[in-house]
Amino acid sequence: AEYMGTKELLGFIKKGNVQMNFRRETVCLEAKELLQEIKEMNAYTIDWSNICDYFHKDDFVKMAKAASSKETAHYLHMMNWHQCYKGASIFDHSEKLDIIKNAFAMYKTVHADFYSLMPNYNKIWCKELKCINEINVIDWCLCNTCKGRYLEHYFGKDIDFNLTPMNMGHWGFQRSHTTICGGFSFDKDVVLQEYCTV
């Protein structure tokens, strides 16, 4: 995918091809007028940041639906989910040694794959990583194992949540090593754009 640079964006703005409105509002299910106003903008995308962390899943989905036009793509990141999902922390498990070994094996494999396949990645990171936070590696691995089940719990089977391409979390400059990033649409024909991870 090609990403627009600042100069290109400024060019579109000067030509009047981009409209930006800035205001501060409280978004919630009860803000029906605001959600209707967003819907009437016929937004191509809505980025919810991590608002979903602070709503009951049913309320968030209703709110997103109320703000959607026919082809709206919704993007978000979930930062707090692993704190309440049993199995996403090493402390949830009685047998820890195999989990730790598997986490480091997975970490090394993904690093080697990224290093050999992504030109930008190997410009940033050493081939042999010297500084590793063990808890981050273990949490990252457990969260990658659990997040599919969590997303199915959160969105159910009716909404197809698309994860961003696999990344190493903190390596891909995400917000944390356990953050889930991705998007969805209520229109099955909408193709979601991928975030640039490296």
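**Strand β4 and its partners**

Within β4, Gly183 is the residue that Tyr75 has as its bridge partner, a pairing read here from a predicted model.

Strand β4 (residues 180-185) is largely enclosed by the rest of the structure, because six of its six residues are buried. The covering extends to both faces of β4, with Ile180, Gly182 and Phe184 buried on one side and Cys181, Gly183 and Ser185 buried on the other.

**The largest pocket**

The largest pocket holds about 500 Å³ of space. It is lined by 17 residues, of which Asn21, Leu34, Ile38, Met41 and Ile46 are the closest to its centre. Two or more lining residues come from each of the elements α2 (32-40) and β1 (45-47). Sorted by class, the lining of the largest pocket comprises nine nonpolar, three polar and five charged residues.

**The cysteines**

Counting a disulfide as a pair of cysteine sulfur atoms within 2.5 Å, the model has zero disulfides. Cys143 is in no disulfide, and the nearest cysteine sulfur, that of Cys146, is 6.6 Å away. Cys143 is buried, with a relative accessible area of 3%, whereas Cys84 is exposed, with a relative accessible area of 64%.

Conventions
Residues are numbered from 1 along each chain as its sequence is written. This is a predicted model: local features need pLDDT of at least 70, side-chain atom pairs count only at pLDDT 80 or more; totals for chains, interfaces and linings use all residues. Side-chain values use heavy atoms; hydrogens and water are left out. Buried means under 20% relative accessible area, exposed over 50%, partly exposed in between (1.4 Å probe, protein chains only). On a 1 Å grid over the protein atoms alone, a cavity is a set of points where a 1.4 Å probe fits but cannot get out, and a pocket is an open set with protein on both sides within 12 Å along at least five of seven lines; lining residues have an atom within 4 Å of a point. Grid points are joined across faces, edges and corners, and a volume is the space filled by probe spheres set on the points. Helices (H or I, at least four residues) and strands (E, at least two) are DSSP runs, numbered from the N terminus. Ala, Val, Leu, Ile, Met, Phe, Trp, Tyr, Cys and Pro count as nonpolar, Asp, Glu, Lys and Arg as charged, and the others, Gly among them, as polar. Two strands pair if DSSP finds at least two bridges between them.
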